[in-house]
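Reader: I have a model open and want to learn how to read its features. Can you take me through some of them?
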Amino acid sequence: MGSVENGAVLPKRVPLLKVSSLGEGRSFSRCRSRLTRLLLFEKVNYFQWIGIVAVFWFVVILFQAFLPGFVLERSGNFGVSKRLAAFRELGIFSEIGELDFGEGIRFFPSKLLLKFEKENEEESAPSGLVRRRSGLVNPLLALIIPDLSVDSRNLHMISVAVALRDIGYDMHLYVLEDGPAKSAWRSAGFPIKVLTVKEKVETAIDWLKYNCILLTSLETKFVLSPLSQEPFKSVPVVWTVDEDSLALRVRNYRDNNQTRLLHDWKQTFKRATVVVFPNHVLPLMYSAFDSGNFYVVPGSPAEAWEVHRRVSANNGHDRRLELGYSEEDFLIGILCSQFSYSGLWLELALVLQAVAPLRQEFSSASHLKVFILNGDLTDSYKSALETFSHKVGFVSGSVIHINRETDATDYLGIADVVIYGSFIEEQSFPPLLTRAMCLRKPIIAPNLAVITKHIDDGQNGYIFPKKNIAMITEILSRAVYNGQLSPAAENIGSNGEEQGKNLMVAESVEGYAYLLERLIKLPPEVASPKTAQEILLKFKKSWLWHLFEDLTPGDGRRKLGQVLDRLESQWNDSHYEASSGALAEAFSPIDWAEEKEISKQNTLKRLEDDELKDRTEQWHGTWEEVYRNAKRADRTRSDAHERDDKELERTGQPLCIYEPYFGEGAWPFLHNKSLYRGIGLSSKGRRPGGDDIDASSRLPLLVNPYYRDVLADHGAFFALANRIDRVHKNAWIGFQSWRASAQKISLSKKAERALIEAVESRKHGDTVYFWSRIDKDPRNTFKQDFWSFCDSLNAGNCRRVVSQALRTMYGVIRDVDFDTLPPMPSSDGSAWSAVNCWALPTRSFLEYVMFSRMFADALDAQLYEEHRKSGRCPLTLTKEPGCYSRVLELLVNVWAYHSGRRMVYVDPATGAMEDQHPLTQRRGVMRIRWFGFATLKSMDEDLAEESDSDRPDGPGRPWLWPLTGEVYWQGIRDRERSQRLQQKEKKKQESKDKIKRMKSRAHQKTLGKYVKPPPEDADSNSTVAAVL
């Protein structure tokens, strides 16, 4: 029983096909009725039967025209899907599933490009700040390569380096191992420095002086270890990886549960700012290590170099005969894509079908040979290809498969024609096709975008539409004549050789230039390089092959497997020892015989002390005295360690030089003498086992990364000055930046002795000694004066910002026409201090800190809000964490000059001393009223009084001055004195009350009187006397 839309039950007599409520349904019902009557043989006449039979035979004939046997004889104008169906009916490729041509396999660095785009928008955003670039020096790069072997890597990097130098970059070359390619680099004009590397880079290098570091190869992994530590974490690193060896080992690491090794490699790849690959296949292989920093700069001479190396090695050998082919054989190589997909084998079948008619050009079909270069094939695919080759007419054994990973160059060298048999769109030019071009082989390739970009049809190759595979047959008929290559084909192969040797040179050098242009944020004193489009044409046309003409080519990648094995063994050994042998390693350097003797003596001494203690009376005292003695012992005991030899020596010296640093990367540049003492800006990066000072514990402000960066070395100054008598007990104090050792301007032993003698004898009185000069600073190539140099370091706004800060500091009204910028003349040829390398009396240092604290507070009030919110600062061109740190670097000169201190330059090599800016020449120029101790002291007390009165912080920012050191004025002194007196009076009153309570306490009356009995002798004598 059924129902229709209206729910009514149909009568049996109503025809079902006529049930419809719509008008158009009636005509459709009538058509269906006629079809029913026709199928039921109602009113079927003779002519209708004849028509039906004719239509049937027409369909059969049409279907037979498209059977697989007919398809094999026709040209390739049919769709790929129809051909696959035909091949399956023949039993060929029956195991191939749905077609997957790999159109979605693409690499696109979306995160990195979005980052570049965002930074570009922020830099190009309109701003009211007027900033300019001085451009005193060129941007400096460090290029680190694993060795100087004569290989494609050195050819690639030297070509890129020369092009970058052409547009304004300076470059320092570091190598991990020397080699014969040294002559090529020196011919190009690059000095070479060899790094000492065992398990880490042992050569101390100040990486901060480089605007970017370029690493090549996985072998330079060791260099990333120091670059992963402060203060080098901010240095941009571009790591070029052109090997696939590590990617092939990832699966083994996972199978062997080497997760920690994988994590170590992931962290290494993550440290690089950008990981550059020469093609689009490698980033897909290394996807396990991708943290959003992968990038592709296409182009590498690796394939051309491999051909050059193999041709040189096979010189004098007939590889065609060695591989089993005769001179009459005509060899065609078919290249496959680097990607594996099911449709590849169908494409190979179509290409073989297009090549098959060429056998008619030869007297014997056996002379036509075809080899397919691809990865390893399964047995099913091999049998399918063999079956199909027989179907299209190839003789047995004429079509073979060759593994492209082992014998590709040899077989391409003996081929007569090379066909690229993959039709998917790829991002990188096929590497084997590049080799074929370098071997002067005429190539036939489909019209893929990446191929037509570099191949001109009829000039350096043949191009055919991928939708018309029959064009391959036509091209072969033109390229082959009487079983040999035609002259036109040979000419095309010759033209392709030059193109293949220098393929994508322009893309490579321009790609690196463009990447550095987007990546590097240059400070104001560094000049902007030219753009990538301004590279000279000669550097974009070819690799620098002429530099390697007289050198024997080598295989630069032969050692990579050994290097990875060594890295794995070092990692496994170190972690095994760390997990199982940590205790043995800790006790290994102990002399157990000596330790046993010491323990024995200590035991004997303890026993003797115990015996003597039992024989003498011990006075324990009261609990109050015990508590008091324990607290006194805690105060006098060293918090971190016992006093070592350096600390004991330092107490008897007149001078102590402190070296501010931040992070483990600065440790190699610090001194280990008693004259020096480190002061770490962060507690995390302090040297273990040393007596370095933790600045952040003495000044909690430095825990804030923002102020740690903007104050820089002055953060260490403020931390030391905060209750200085607790850590510094010397009459003189000095400072030397850790970068002074890296720049070779630190004090030599001779200069140290000269400085100590001058300090002890007070030869120059209250003097500021400095040993780093502005005129010798590498940033001051034009020998500028003080304020011009300061402007060049601070985007041209040093004068304006300093003048405004002094107005705020001294409370000068804006309407008053007075130049608050202190004059800093240098007409007498005297020098100024740089890089914070100076020494002065401790009392004068505290005075300078008093001034610099107020000046830093005025700077912070002027620049904090905008710098904190948007990252923009008038003293920098880009977003940098250290906004006004470069102004503070030169501040000691302003204070020393205008406070009337003598300034003496100490030659760091010889110790010779030279008076700078004599006091007689400063008369009438110095502003002693502004920088005198009385003025600064009164201003300091005013700020302390204001802070003591609970002044609120500024809008949106904390008040910096109270956070940079002690807050002390007369009111605080009086209040503390009053509090001490109150506490003293309170204790006295409590003591009096206690005595009063004791005296007024009620005493219990005695219960009875005790009478001492007489002695027994007296009793006996008295008894005897009584008897007598």
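Reader: Where is A712 found?

Author: This is a predicted model. A712 sits in the loop between helix 29 (705-711) and helix 30 (713-721).

Reader: What should I look for in the backbone there?

Author: Start with phi. Most residues other than glycine have a negative phi. A712 is not a glycine, yet its phi is positive, about 55 degrees.

Reader: How exposed is A712?

Author: A712 is partly exposed, because its relative accessible area is 24% and partly exposed begins where buried, under 20%, ends.

Reader: Which other residue has a positive phi without being a glycine?

Author: M504 is one of them, with phi near 60 degrees. M504 belongs to the loop between helix 20 (487-501) and helix 21 (505-519).

Reader: Is M504 buried or exposed?

Author: Buried. The relative accessible area of M504 is 16%, and the cut-off for buried is under 20%.

Reader: Next, peptide bonds. What is the general idea?

Author: Most peptide bonds are trans. The bond from E230 to P231 is cis, with omega near 5 degrees.

Reader: Where in the chain is P231?

Author: P231 is in the loop between helix 8 (224-227) and strand 5 (237-240).

Reader: Now packed helices. How do I describe a pair?

Author: Take helix 12 (residues 302-313) and helix 17 (residues 431-438). Their axes come within 9 Å and cross at roughly 45 degrees. That makes helix 12 oblique to helix 17. The crossing of helix 12 past helix 17 is right-handed.

Reader: Which residues meet in that pair?

Author: Helix 12 brings E303, A304, E306 and V307. Helix 17 brings P431, T434, R435 and C438. The residues of this contact divide into 4 nonpolar, 1 polar and 3 charged.

Reader: What about helix 9 and helix 10?

Author: Helix 9 covers residues 245-255, and helix 10 covers residues 259-271. Their axes come within 10 Å and cross at roughly 145 degrees. On the helix 9 side are L246, V250, Y253 and R254. They meet L261, L262, W265 and F269 of helix 10. The contact of helix 9 with helix 10 has 7 nonpolar residues, no polar and 1 charged.

Reader: What is D860 in contact with?

Author: Set aside its neighbours within four places in sequence. D860 then contacts Y706, Y707, Y884, R957, P958 and L960.

Reader: How far apart are the C-alpha atoms of P146 and L215?

Author: They are separated by 8.7 Å, while the two residues are 69 residues apart along the chain.

Reader: Finally, the whole protein. What do the totals say?

Author: There are 42 helices and 23 strands. Of the 1028 residues, 47% are buried. Take the contacts with a separation of 6 or more: residues 24 or more positions apart account for 74% of them. The accessible surface comes to about 54800 Å², and carbon and sulfur atoms hold 51% of that surface.

Definitions and conventions. Residues are numbered from 1 along each chain as its sequence is written. This is a predicted model: local features need pLDDT of at least 70, side-chain atom pairs count only at pLDDT 80 or more; totals for chains, interfaces and linings use all residues. Side-chain values use heavy atoms; hydrogens and water are left out. Axes are lines fitted to C-alpha atoms, for helices over the stretch in contact, and angles run from 0 to 180 degrees between N-to-C directions. Helices (H or I, at least four residues) and strands (E, at least two) are DSSP runs, numbered from the N terminus. Angles under 35 degrees count as roughly parallel, over 145 as roughly antiparallel, 65 to 115 as roughly perpendicular and the rest as oblique. A crossing is left-handed if the near helix is turned anticlockwise from the far one by less than a right angle, and right-handed if clockwise. Contact means heavy atoms within 4.5 Å. Ala, Val, Leu, Ile, Met, Phe, Trp, Tyr, Cys and Pro count as nonpolar, Asp, Glu, Lys and Arg as charged, and the others, Gly among them, as polar. Buried means under 20% relative accessible area, exposed over 50%, partly exposed in between (1.4 Å probe, protein chains only). Accessible areas come from the Shrake-Rupley method with a 1.4 Å probe; for residues, only the protein chains shown count as cover.
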